[in-house]
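Reader: I am new to reading protein models. Could you walk me through this one, step by step?

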Amino acid sequence: MTQPSYEFLFDLLATPSPSGQEALIQRKWASYVKAFCDEIRTDSSGNVIGILNPEAPFKVLLAGHSDEIGFIVRGMDNNGFVYIDSLGGISPKPAIGMKIEILGYKQRIVGVVGVNAEHHGGVKEEFEFSDLYIDCGAKSKEEIMQYVQVGDLAVYKREPEKLLNHRLSARGLDNRTGAFIIAEVLKRCKERNSKVGLYVASTVNEETNMGGAYFAASQIKPTLAIACDVTFATDFPEVDQNKHGHITLDGGPVLAKGAPINHKINSIIEESAKRLNINLQYELTPRMTGTDADRMRLTGEGVPIALVSLPLRYMHAPVETVSFKDIEQEIDLLTDMICHLTGEEDFNPVDL
């Protein structure tokens, strides 16, 4: 990974992008990719799309969502404590004792999730978001309302960390890594003079409603679409691999198989993996993928889709963890696959 790419990834990870408030990260993403695409677009949903060869009739859409899970402010009490609800599929349990950054309507403000001391009974065995509060240091409702109002969004205040063996831990790797990967694929396809139309979309709202992917595919009308997301690594203690499968960090990109997935796209991806000597891992998506791929598939007359995912530990926790090796291999894999497309491929699963 080059130094500019490395810095771009860490800039994305340092930028709060809770679902519904992605404009800041989208501007940063657009600023990076505009140097190596033929055209750049945005739309009313907040997607940003970098394009190579916009005149080409054969169109490949890569989607990586830029939004992250977080919190939404639901109220303040008379003593200035802030109460929150979940934004996306986030559990209240990791929040205990964590720092929170509220993206207030006037300015950002930092608070901590209060913890009842063990001397006073400690944390309840079972609790919900309604039991949590954020202490920003305010003394009254009037004071905290100078900074925060109902509906403001918040995220964990957590800096990215490099771990041993080229591992990366941060909040929101789901799925700012996907937005990073597709940007790097765009850059490398530009360098290799790919001939097909390539539409690389940093999408919004995946964690809450997946509307961004739907609107991107609806306007582009792609020949095929690939969602680049994360999936559950199962290589840490207490995970039942018989139930959840065997997916490891450093094991390579993960290819989905199941009813929504177009097997011809998968075959082309597998050919690239063989050319590059990249190991693939597999996950099953019998009915739905739970990613942007589901919404892209249901646009227009139906779009052939695939899902390529990055193995990730501790999904939706503030310490999500991935491997730089897997990131690099996914970029190489998708770049090779796209650059080998001729524009004559047929993805209709029924050969007559």
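Author: Gladly. This is a predicted model. We can begin with a helix: α5, residues 211–220, lies across β1, β2, β3 and β12.

Reader: At about what angle does α5 run to β12?

Author: Helix α5 lies across several strands, and β12 is one of them. The angle is taken between N-to-C directions and can run from 0 to 180 degrees. For α5 and β12, the value is about 155 degrees.

Reader: Which strands stand at the edges of the open sheet?

Author: Eight strands form this sheet, in the order β1-β2-β12-β3-β13-β16-β14-β15. The pairing is mixed. An edge strand has a single partner, so one side of it is left without a neighbour in the sheet. The strands at the edges are β1 (39–42) and β15 (281–284).

Reader: Which residue in β15 stands opposite Val254?

Author: Strand β14 covers residues 254–257. Four bridges join β14 to β15, and the two run parallel. Opposite Val254 stands Gln281.

Reader: At about what angle does α4 run to β3?

Author: Helix α4 lies across β2, β3, β12, β13 and β16. Its direction is compared with that of β3. The angle is about 150 degrees.

Reader: How many residues apart are Arg176 and Glu68?

Author: Arg176 forms a salt bridge with Glu68, with the closest N and O atoms 3.5 Å apart. Arg176 is in helix α4, while Glu68 is in the loop between β3 and β4. The pair links distant parts of the chain, and the separation is 108 residues.

Reader: Which residue is linked with Glu68 and Arg176 in a network of salt bridges?

Author: Both Arg176 and Glu68 are buried. They belong to a network of salt bridges.

Reader: Is Asp332 buried, partly exposed or exposed?

Author: Asp332 forms a salt bridge with Arg188, at 2.6 Å between the closest N and O atoms. Arg188 is in helix α4 and Asp332 in helix α9, 144 residues apart. Buried means under 20% relative accessible area, and exposed means over 50%. At 32% relative accessibility, Asp332 counts as partly exposed.

Reader: Asp351 forms a salt bridge with Lys264. Why does Lys264 count as buried?

Author: The closest N and O atoms of Asp351 and Lys264 are 2.7 Å apart. Asp351 counts as exposed because its relative accessibility is 60%. The limit for buried is under 20%. Lys264 is buried because its relative accessible area is 17%.

Key
Residues numbered from 1 in each chain as written. Predicted model: local features only at pLDDT ≥ 70, side-chain atom pairs only at ≥ 80, totals over all residues. Heavy atoms only, no water. Salt bridge = Lys/Arg side-chain N within 4 Å of Asp/Glu carboxyl O. Buried < 20%, exposed > 50% of the residue type's maximum accessible area, 1.4 Å probe, protein only. Pairing = 2+ DSSP bridges. Contact = heavy atoms within 4.5 Å.
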